[in-house]
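I opened the model to look at two things. First the backbone of one loop, then the contact between the chains.

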Number of protein chains: 2
Amino acid sequence: MIVGFIGFGEVASTLTKKLIEGKVEVMTSIEGRSENTKKLAELSGATVLDSYVELAAYSDILISTVSPSEAIDVAQNYGTLSEGIFLDLNNISPISTMVIANLFDKSDDDISTNFIYPKRNSDKFIKGAIIGKISSPNSVIYLSGYNAQKLSFLSDCGLNIEIIGEDVELASYIKTLRSIYTKGVTAITYEAFSAARDLGLAKELCETLVLTEGDKMEDLAKSRINSFDGTKNRKFQEMGEVLEFLDYVYDENEFKSKFSMTNATKYKFES
Amino acid sequence: MIVGFIGFGEVASTLTKKLIEGKVEVMTSIEGRSENTKKLAELSGATVLDSYVELAAYSDILISTVSPSEAIDVAQNYGTLSEGIFLDLNNISPISTMVIANLFDKSDDDISTNFIYPKRNSDKFIKGAIIGKISSPNSVIYLSGYNAQKLSFLSDCGLNIEIIGEDVELASYIKTLRSIYTKGVTAITYEAFSAARDLGLAKELCETLVLTEGDKMEDLAKSRINSFDGTKNRKFQEMGEVLEFLDYVYDENEFKSKFSMTNATKYKFES
């Protein structure tokens, strides 16, 4: 069994460590990647190949962990080349997931007629979504797709995986719904504590909220506030994709009336 | 020691029970109140007087537990009559609290010059804010005001009280800041789960959120969604008062740029 990674950042290097500990052979290529990525790849214990074409040919499971904007190109150029499973682990929207699904499924159905569960599941494409930080022992990888159970060996490597269904878009629906909640709460937390700081009452607000929101609230709030500035551009982009998806699913009036908070969340992250 | 209640709904009847168990004498009046209130008062064990004027005269501590819209009138008509402590326990905004504070403090300072900590604390007026549901054993009553420590006997009656400072508005600042957060999260929760339900993934969204938001998230989310329709009018009003306060504290541009989520929260509760 050979697992190949296209893109070798934090996700790939964390997974590579676990896979190698679990006696799985890991390969990657550093074709066109940054110096930083090259270093990570060389230190990881993965075999480093010259090209992605070669990597796609060797891999039983080819995993895409690139930036969201590269995900479709990677699927098209290398995912479809591979004879094995192609797993997209990028934080992409359901619409991008559907675009990739269509690369693997050449049937002529009109996708718009059955969007929510399109059932266009090839044998090869699996969508994954990482819930939580990959470095956290509590993170879970949601997997969806017709052959998602073929990745169940990942749990033998100490990864928390959950196979959530055969419909390949499921993992990205759940990730999107989760974004509505978590990024919305981040935006609200930032706003409430900004007012509290101005009034000199941030500590008191935190103590008060812990009473009814639970102990975990304090750490979550601190992490949300501290990461706000450093992640706002990425979150603004992601919320744009969330809204694009909702706009696609709902008719215009419903979209406008049902998602006013989600829309406000997007603009809270605007620079 | 005689405690008198103006208004006899759930808060007053819950507190009366504890006070009587703690050997404190409780009085109220049902002048002009509804049949329901009359019944609650008569069953409670409180002494029922004919008029509020009489009640104000007898009470060492006069507590106002009416509807927010009546709070200022009650303070003006009866609170200022009493020789004892006047405790407002209504869910009113910092602006209404300030209006009441001014009824008890006849100094000529321009309040607008030192709004955030106005220090206009009379010996008599104490502001209280109930955090959580009064019926819950975890609820806490925040008290602020120059003589707030005079109410520390309430903890001997099994009430969780916390004296948070001498500045009488403090309790209502904290309640307001808390509203920005809790009502904002309610609005986001409703929106995220509305989309999840439409996609048939409400259970999955909940399971996913519990992973990172903590166990308490599930009960909180259910309670927020289930109470949404029944409480939206009240919450719309309350968010209006929150925004009125923020508009007062901040200049126009800051108010607009800093509180977009809070503004969206208000309109989420609009009928």
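I take helices (H or I, at least four residues) and strands (E, at least two) as DSSP runs, numbered from the N terminus. This is a predicted model, where local features need pLDDT of at least 70, side-chain atom pairs count only at pLDDT 80 or more, and totals for chains, interfaces and linings use all residues. Residues are numbered from 1 along each chain as its sequence is written, chains are lettered from A and ligands numbered from 1 in the order in which they are written, and side-chain values use heavy atoms, without hydrogens and water.

Entry one: the loop.
I looked up Lys23(A) in the loop between α1 (10-21) and β2 (25-29) of chain A. Its phi is near 65°, positive in a residue other than glycine. Most residues other than glycine have a negative phi. Lys23(A) is exposed (over 50% relative accessible area), at 77%. I then checked Lys23(B), where phi is about 65°.

Entry two: the interface.
I counted 53 residues from chain A and 53 residues from chain B in the contact (heavy atoms within 4.5 Å). Tyr181(A), Leu199(A) and Met261(A) supply 16% of the area that chain A buries against chain B (accessible area, 1.4 Å probe, that two parts lose on being put together, summed over both). How many salt bridges link chain A and chain B? I found four (a side-chain nitrogen of Lys or Arg within 4 Å of a carboxyl oxygen of Asp or Glu). One joins Asp198(B) and Lys258(A) at 2.6 Å, N to O.

Key:
Buried means under 20% relative accessible area, exposed over 50%, partly exposed in between (1.4 Å probe, protein chains only).
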